[in-house]
Structures are given as C-alpha cells and as structure tokens.
Amino acid sequence: MLLKDLYSQAFYDRLCNALMVAVPGFDQKKFIRNIYVVDFEQMELKQRMKHTTFVLHQFMPDDYSNTISLIKSTIQQLRIAGIGEDGLAFMFLPDYLETYGIDYFEESVEALEFVTQFVSCEFAVRPFILKYGQEMIQKMLEWSHHENHKVRRLASEGSRPRLPWAMAIPFFKKDPASILPILNNLKQDPSEYVRRSVANSLNDIAKDHPTVVLDIAKKWSGISIETDAIIKHGSRTLLKQGHLEILQHYGLDDKGILVTDFVVHTPEVKIGESLEFSFRIKNENETDKKIRLEYAIYYKKQNGQNTKKVFKISERIYPGGYETNILRKQKFVLITTRKFHAGEHQISLIVNGAESAIFNFELLP
C-alpha cells in the first residue's frame, strides 16, 4: 500500500463517525463529497493531508476557540472508538493548527499541547517558533517539565535546528543557546522516546556548532547510563567525521591497530546487487583496545564528483593481540532517498576515525 492511501474511504468513514458526534450539524455526505474531488487520486500524501485540512475547515465554526473545542472532542471520540494514537493520517490535525491558528497564540499553544498527545505536533509548532520567537521558546521550556512524555518530546523535537522534512529554524542553526536549557531539562527523562529526541537535537547542533556538543559531552558524561547514551547518539555525526576531540573523549585512536588484507571481492557491481569486501583487523597492543570500525562509500554524483557516506561496522573492545577477519556487504538497491549513478566509485576503511586504503570499484547500470 502506498503511504498516500492511508487517506482511504475506511479512514474517512472512521473520521466522520467521530465528527458526527463531536461537531453539531456535521454533514457526512457533504464532507465525503468534498474530499473526493476530481484530482484526489492524483494527490500524494502531503497533498491529501492538506486537502483534508482544507475540507475540515469548511465544517468548523468561524470562532477559532470553538473550533479548538470541537477538535478536542473529535480526538476524544476517536479514542473512545479505539482509534490508535500517532497514526500518520491524523497529521492533518496539527496541520490545521498551523494553517488556521498561527495568529491565535494562546489558543493554539494550548491546542498543540493537547493534540500532540494524540498525534505529534513537531512540524506544526515550528511556524509558531518563527513567528513568536522567545515567547514560544519559553512555552516549550515549560513543556519540558510536562507530565506527559509526548509533550516533553514536543519541546525537544519541535525545537530541533535541522528537523528532517520540516521548515528550517535559521536562528537555532545560527545560535542554539536558547534550546540548550530544554535539552538539559530532558537529559535524564524517564522516556527513551524523549531521550532519543534530545540526542537527535544534539546531533543537529553538532553539524553547525561541534564545540557546543563537545562541551555538553564533557558536562553530561558519567551522570547516568542514559545520559551517556544520549551523548553517544548525539555525537554520531562528529564520530563519522572523525572529529579529533570527540574521538579523544571516547578514547579512540589508531595506535597499535593493524589492518591487512583489505580486498574488494566484487570490483564490478550492478545496481540492485551488493558490494562485497573483507579485511583483517588486529590489536597489536598488549592491553585491551576499544576499536570503532567504519567504512565509507564515495558515491558518484550526477556531476561526476563523489559524495562520501560513512557506515558503521562495530565498536567494541578487542583484547590485546586479538585478530579477526571481517566480511561485509553494501547493497546498491534503489530507494526513494538515493539515486545511483553508474561509473567509478570508491570505498575506504575507517579505524577509530582514521581513514585508510581507498579502493575503486565500478558500479554498472
């Protein structure tokens, strides 16, 4: 099933059952007729979401406060009907707040807090950050203490400087100082869902301000197993970049590590198949050594230049003198987020951040 088909007849029937109870005078036949316009089948997922927002607005009162009450009642009816939370199709509800509530700060902030407990408002909150700035940031700081973990996550996820698929927050990318208190409040959150969001925000920050994340890593290190995990996940881009200070923080260096017999077994790979390679790794030190193994693929771009992507193999302790052979495969299966271009590519090994032995291979159509 295509994602856009989440907006199906069955979905709209369930939605209408809730709306008929929650919205006085709701006309189900008219709603369905307005949904299924001539070009509905050609609409993609986001277009169908926006279209659902637009149609719902036609059945809501002019008074925005009353509309919020009806949206809350609709969510309550969906819950009574056993409709699961966090369903992707219900993203039209946060979109409604973003589209029609941007000029109603108090009402919309309260609505965001409520709706995000049913379906995440991480995208919808960002226009409010852009419009209201520090006032919205203060509200998100308050949310970081909320009793509901989904509201606490909205505080961290919604304020990410580089949230994927969402509009950018340029002033967070330029200076993340205003969101650091939010992350600090959540660093020992009991919910892994929230803690992972904190880590993702740190990883975003690291792409523009590595020293900020390095400073946080030093301050949070050793507080708990959970905070150590946050730091590690939040430092993943720096680790992949081989950033010297973060490597030092984790005691990663390549002294006494020997890599031999690096072989590319498939020097010609067809799109849809896998690159196979192997190598031997040995800890020549007498003492145990933490070794982080990665490899980089230099993908050929349309303009002929290469773009580097790093993949992790493992990170573990190797006893003194220990040696092992490692075999790996890298798939070249077409996916929507990556397009392959035939021609010469490269692969390299990375040991504790140090890159070595770049080999060429040919990607065939």
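**Entry 1: a pair between strands**

I looked up Glu276 to begin with, and at 26% relative accessibility it counts as partly exposed, where buried means under 20% relative accessible area, exposed over 50% and partly exposed in between, with a 1.4 Å probe and protein chains only. I note that this is a predicted model, in which local features need pLDDT of at least 70 and side-chain atom pairs count only at pLDDT 80 or more, while totals for chains, interfaces and linings use all residues. Residues are numbered from 1 along each chain as its sequence is written, and side-chain values use heavy atoms, with hydrogens and water left out.

The side chain of Glu276 meets that of Lys329 in a salt bridge at 3.9 Å, N to O, the criterion being a side-chain nitrogen of Lys or Arg within 4 Å of a carboxyl oxygen of Asp or Glu. Glu276 lies in strand E3 (residues 274–283) and Lys329 in strand E6 (residues 323–331), so the pair ties together parts that are 53 residues apart in sequence; helices (H or I, at least four residues) and strands (E, at least two) are DSSP runs, numbered from the N terminus. Lys329 is exposed, with a relative accessible area of 52%.

**Entry 2: other salt bridges**

I find that the structure holds 22 salt bridges. One of them joins Asp95 to Lys50, with the closest N and O atoms 2.8 Å apart. Because Asp95 lies in helix H5 (residues 92–100) and Lys50 in helix H3 (residues 45–57), this pair ties together parts that are 45 residues apart in sequence. I checked the cover of both partners: Asp95 counts as buried at 5% relative accessibility, whereas Lys50 is partly exposed, with a relative accessible area of 36%.

I then looked up Lys131, which forms a salt bridge with Asp103, the closest N and O atoms being 3.6 Å apart. Lys131 lies in helix H7 (residues 125–132) and Asp103 in the loop between H5 and helix H6 (105–115), so the pair ties together parts that are 28 residues apart in sequence. Lys131 counts as partly exposed at 45% relative accessibility, and Asp103 counts as exposed at 56%.

**Entry 3: helix H9**

How many of the 9 residues of helix H9 are buried? I find 8 of them buried in H9 (residues 149–157), so this helix is largely enclosed by the rest of the structure. Among the buried residues are the charged Arg153 and Glu157. The cover over the buried residues of H9 includes H6, H7, helix H8 (134–143), helix H11 (180–186) and helix H12 (192–208).

**Entry 4: strands**

E4 pairs with strand E5 (residues 306–318) in the antiparallel sense over 12 bridges, pairing being assigned if DSSP finds at least two bridges between two strands. The bridge partner of Glu294 in E5 is Lys312. E4 and E5 form a hairpin with 5 residues between them, and Gly304 in the turn has a positive phi of about 95°.

E4 also pairs with strand E7 (residues 343–351), again in the antiparallel sense, over 6 bridges, and here the bridge partner of Tyr295 in E7 is Leu349. E7 in turn runs antiparallel to E8, the two being joined by 8 bridges, with Glu355 in E8 as the bridge partner of Ile350. The hairpin of E7 and E8 has 2 residues between the strands, and Asn352 takes a positive phi near 50° there. Strand E8 (residues 354–364) is also joined by 3 bridges to strand E2 (residues 268–270), and these two run parallel.

**Entry 5: cores**

Which residues have the most contacts inside the largest nonpolar core? I find Phe31, Met136 and Trp143 in that place, in a core of 81 residues, a core being a set of buried Ala, Val, Leu, Ile, Met, Phe, Trp, Tyr and Cys residues joined through side-chain atoms within 4.5 Å. Helix H1 (residues 9–22) gives the most to this core, with 7 residues. A second, separate core of 24 residues includes Ile257, Ile313, Ile347 and Leu349.

Note on methods: Contact means heavy atoms within 4.5 Å.
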